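I opened this notebook to record what I looked up in a structure that was new to me. The entries follow the order in which I consulted it.

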Amino acid sequence: MSDIALPPLAVEKMPSGLAVLGIQKRGLPLFHARLSLPAGACEDPRGKAGLAQFTTDLLRRGTRRRPAQDVDDLIESMGAQLAAEVSMEEAALALTVPAELAERALDALLEVALEPAFDEHEVSAARRRAAAALQSDLDEPATVAARALITLGYGPGHPYAHPPHGFRRDVESLRREDALGFHATRFQQSGALLALVGQQEPAELLTLAKRKLAQWQSSWPGHSQRQPLHFSALLPGEGLRAVVVHKPDATQAQVRIVSPGLPKTTPRYFEAVVCNTALGGGFTSLLVDAIRVDRGLSYSVSSRLQMNRRAGLSIFSSFTKNETLRELVDVALEKMRGYAQSGPSEQATEKARRYLAGLFPMGLESHEAIAEQVADALLDGLGLEHLQRYRSRMLSVTSEQARAIAPEISPARDGALLIVVGEADKARKALAGLGPIEVRQLEEFG
Amino acid sequence: MALVFPVLEHALPNGLQIRLLRDSSLPVATLYSFFRVGSRNERPGITGISHLFEHMMFNGSKKYGPKEFDRRLEAAGGSSNAYTSNDLTAYYEDFASDALPLVLDLESDRMASLVIDDASLAREREVVKEERRFRTDNDIDGMMDEALGALAFFAHPYRWPVIGWMSDIERISREDCEGYFRACYAPNNCTLVLVGDFEEQPALRSIEKLYGPIPSGPPLPKVPDGEPSQKGERRAVIRYPSQAPAVLAGFRGPDGRNPDSLVLDLIEAALSSGEGARLKRALVYEQELCVDAHVWFGWRMDPGLFQISLKLNPGVDPARAESSLWAELARVCNESLPEKELERAKNLVRAGLLRALQTTNGRAHTVGQMEIMLGTWRAMLDLPDRYAAITAAEIQRVARKTFAPHRRNVVTLVPGEQPE
């Protein structure tokens with residue numbers, strides 16, 4: 001397996017700090033535009049968890065040129081659906097249209113991103129919608145588990161310690177001024193990236209981008225002063241502590257085991273990914289084998305590395321019926337503790353690196369995927385080389401390297417947190433003796 | 001929009017249908033094996049066997065024993081998965097293209113000589129029961145969907161869930177699985193679709209060599225089609241400790257090959273694709289009754305369901321949301337869809353078709369889906385033109401036929417303690 005040549009592309013950094021990226025993709029007559037902005041959930045001010053998402057969701061609810069319904073018509077009449085995603089680091093707006101509508105699509109994307117109206121009536125309605133959606137999400141045990149693990153895994157005060165959609169208690173307090181202020185200070189050119197993917201040569205795509213951007217040059221802030229974020233180190237604790245989130249009448253328990261992990265910028269990225277894949281990625285990993293294949297305890301088992309730019313978590317995820325909760329937790333802890341000591345075998349390492357290298361090109365196929373992968377590599381500071389040499393770097397990870405990093409990526413280390421979303425009485429009885437158990441209410445995570 | 005897809009068609013004497021589409025832009029490929037069998041081919045007592053059997057296909061065959069299928073595949077740079085629907089069961093492998101010989105060997109070996117033993121069936125049964133608890137018993141959408149099927153269909157096998165009733169999953173025996181394999185997994189019931197980076201003739205020769213010796217089987221029994229016409233609205237209520245109420249409505253519609261299905265695709269887009277769609281605009285944004293309003297209409301082998309799901313805001317009276325929903329459906333029936341909205345729906349559906357073809361897996365799935373559901377992969381070539389030709393009058397005609405009040409099937413979720 002050799003390295004993959006990226007499609008023809010060009011990147012240019014503007015004096016304002018905005019990066020413009022053009023990627024040529026022949027074949028289907030499609031055009032994709034993606035604008036990434038340094039306005040992720042980690043930028044949410046204290047007590048206003050969800051503000052980045054709230055502001056991003058509001059962008060399409062009317063611009064200074066047209067009301068919300070006309071914005072919808074503008075985008076959807078092209079056959080496009082506007083994606084508005086907020087990660088820990090970025091807010092991203094993206095859309096894909098038939099190639100002949102490229103200019104219209106780019107105009108629409110920039111108008112929505114840079115000229116929102118934040119009409120008072122729309123802000124109030126968005127607040128009610130967001131609060132209702134957060135409450136509704138409490139009906140999904142896996143969603144509650146995901147929200148709990150971010151909140152508790154990073155711990156109080158950490159900029160990553162809340163889900164991007166925030167909490168109802170915070171969202172209900174958001175006002176027009178909050179969205180206006182967040183937009184003015186975070187939706188800036190410095191640190192932003194505009195990626196275009198289309199059939200044209202990369203240089204033509206850059207010309208198109210710059211021509212369109214020229215209209216916004218004077219009104220779009222280049223750089224704003226903001227308080228630097230403080231990312232305290234995630235410290236390992238002792239023993240195992242459990243948090244049970246009470247979900248009445250659940251016949252199945254969602255299980256997460258979480259420990260501090262590694263940031264995406266770690267120089268040991270490739271060995272960490274190989275090591276995790278052998279533990280709980282793919283379908284033949286140690287954990288899938290032990291929990292699903294050998295014991296039939298669950299339908300879904302995985303370990304994964306949640307790698308943000310400045311910190312990360314190692315996460316075990318599964319679910320099982322209430323009656324086998326303890327068995328699943330015991331097997332998971334035993335396997336992951338053992339793995340931290342021994343790491344993967346030579347054979348498991350070889351399988352993991354070939355699995356990752358073989359499937360890597362499939363993550364670059366669609367217009368959306370190539371734009372996101374290249375944009376992320378640039379914004380994370382990894383550079384194009386991260387993608388260009390992905391296969392060879394993955395294939396060169398040795399089992400010694402994978403073994404050496406196992407203690408740092410196993411989710412079941414000292415101080416690990418066990419989160420169970422399920423029926424509290426049954427869960428508490430099942431987990432007795434494992435360590436201190438705290439029962440929390442569902443509403444705390446909505 | 002003219003789509004150009006040089007698909008190579010071939011069939012083996014044992015009935016295996018083969019579709020090859022070469023694309024060497026990346027060193028990867030996808031192989032799909034579509035079997036024309038799903039939950040519609042089951043009977044009461046063994047509901048869920050299609051899906052349970054899908055799991056059993058990964059538990060060892062003559063040449064590749066237990067755990068070997070995925071172990072060998074992943075070690076060669078590939079991954080596998082599968083799904084079962086009411087109408088079909090599909091298995092696929094995504095892989096680095098130099099793993100093609102192994103992938104064909106793995107797939108043909110399990111078609112030729114699957115091994116089913118009691119121990120692996122016992123374990124897989126537990127895995128499937130966990131899947132059911134996850135997708136249905138502890139999931140509001142799943143429990144409502146299951147109730148809607150049982151409400152809308154009296155006689156047709158679409159009345160039971162694809163995953164099967166829990167008591168049937170418990171009961172299915174090794175003998176049931178062996179009989180099912182013999183009856184449903186013969187090559188004449190399968191279409192193989194290979195897309196990606198490979199040479200056509202060598203690939204075809206390998207397929208002929210590996211699959212050619214597998215004997216064909218008798219055709220599957222015809223699925224009984226005794227569904228009586230619906231004579232009035234039907235309702236079901238689920239009581240569950242949820243945060244908010246919900247409504248799921250279903251209207252029986254045509255089968256996938258009926259041209260009216262394409263009209264319903266456009267109605268689906270007009271009602272719920274995008275934030276400016278009618279139901280979202282009215283029920284989510286203007287009246288603030290719902291967190292989400294979503295329509296699902298998928299092509300089926302037999303007349304299926306047009307489903308509308310309303311996830312209500314906490315505290316909203318389901319009757320109020322329903323009444324708004326019926327008013328919106330009445331608008332589609334009674335007023336001609338404005339040209340602008342019709343064009344919007346067509347553009348959304350057309351763009352969706354294009355986007356599905358962006359990936360190797362997406363192209364392979366689309367070719368196979370067209371073969372199974374519409375009879376030929378070539379259907380995808382003229383679909384854009386067929387959608388483009390649909391008129392506002394046809395929208396109105398199909399809407400009136402489908403959304404008549406006596407054809408409603410309504411499941412309501414009421415928050416509260418579950419009855420003992």
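The entries below go from domains to chain contact, core and helices.

**Conventions.** I noted that this is a predicted model, in which local features need pLDDT of at least 70 and side-chain atom pairs count only at pLDDT 80 or more, while totals for chains, interfaces and linings use all residues. Residues are numbered from 1 along each chain as its sequence is written, and chains are lettered from A and ligands numbered from 1 in the order in which they are written.

**Domains of chain A.** I looked up the division of chain A and found domain 1 (9-214) and domain 2 (240-445); such bounds come from an automatic or database domain assignment. The centres of these two domains of chain A, taken over C-alpha atoms, are separated by 28 Å. Their contact takes 31 residues from domain 1 of chain A and 27 residues from domain 2 of chain A; residues are in contact if their C-beta atoms, placed from the backbone, lie within 7 Å. On the domain 1 side, the elements that give two or more residues include β1 (9-13), β5 (91-98) and α5 (141-154) of chain A. Helices (H or I, at least four residues) and strands (E, at least two) are DSSP runs, numbered from the N terminus. I recorded that α5(A) gives the most to this side, with eleven residues. The side divides into 21 nonpolar, five polar and five charged residues. Here Ala, Val, Leu, Ile, Met, Phe, Trp, Tyr, Cys and Pro count as nonpolar, Asp, Glu, Lys and Arg as charged, and the others, Gly among them, as polar.

**Domains of chain B.** I then turned to chain B, where the assignment gives domain 1 (8-211) and domain 2 (234-415). Their C-alpha centres lie 28 Å apart. I found 31 residues of domain 1 of chain B in contact with 28 residues of domain 2 of chain B. On the domain 1 side of chain B, α5(B) gives the most, with eight residues.

**Contact between the chains.** I noted 53 residues from chain B and 53 residues from chain A in the contact. α4(B) gives the most to the side of chain B that touches chain A, with nine residues. By class, that side of chain B has 19 nonpolar, 14 polar and 20 charged residues.

**Core.** I looked up the largest nonpolar core, which has 269 residues. Such a core is a set of buried Ala, Val, Leu, Ile, Met, Phe, Trp, Tyr and Cys residues joined through C-beta atoms within 7 Å. A residue is buried if 20 or more other C-beta atoms lie within 10 Å of its own, exposed if 12 or fewer, and partly exposed in between. The residues with the most contacts inside this core are A:Ala105, A:Leu109 and A:Ile419. Helix α3 (residues 102-114) of chain A supplies the largest share, nine residues. Among the residues that A:Ala105 touches are A:Phe31, A:Met78 and A:Leu95.

**Helices of chain A.** I recorded that the buried residues of α2(A) include A:Val71, A:Asp72 and A:Leu74. The buried residues of α2(A) pack against β5, α3 and α4 (120-137) of chain A together with α12 of chain B. Lastly, the axes of α9 (residues 269-280) and α12 (residues 346-359) of chain A come within 9 Å and cross at roughly 110°. Axes are lines fitted to C-alpha atoms, for helices over the stretch in contact, and angles run from 0 to 180 degrees between N-to-C directions. α9(A) and α12(A) are therefore roughly perpendicular to each other, a term that covers 65 to 115 degrees.

Methods: Contact = placed C-beta atoms within 7 Å. Parallel < 35°, antiparallel > 145°, perpendicular 65-115°, else oblique. Lists of a residue's contacts leave out its neighbours within four places in sequence.
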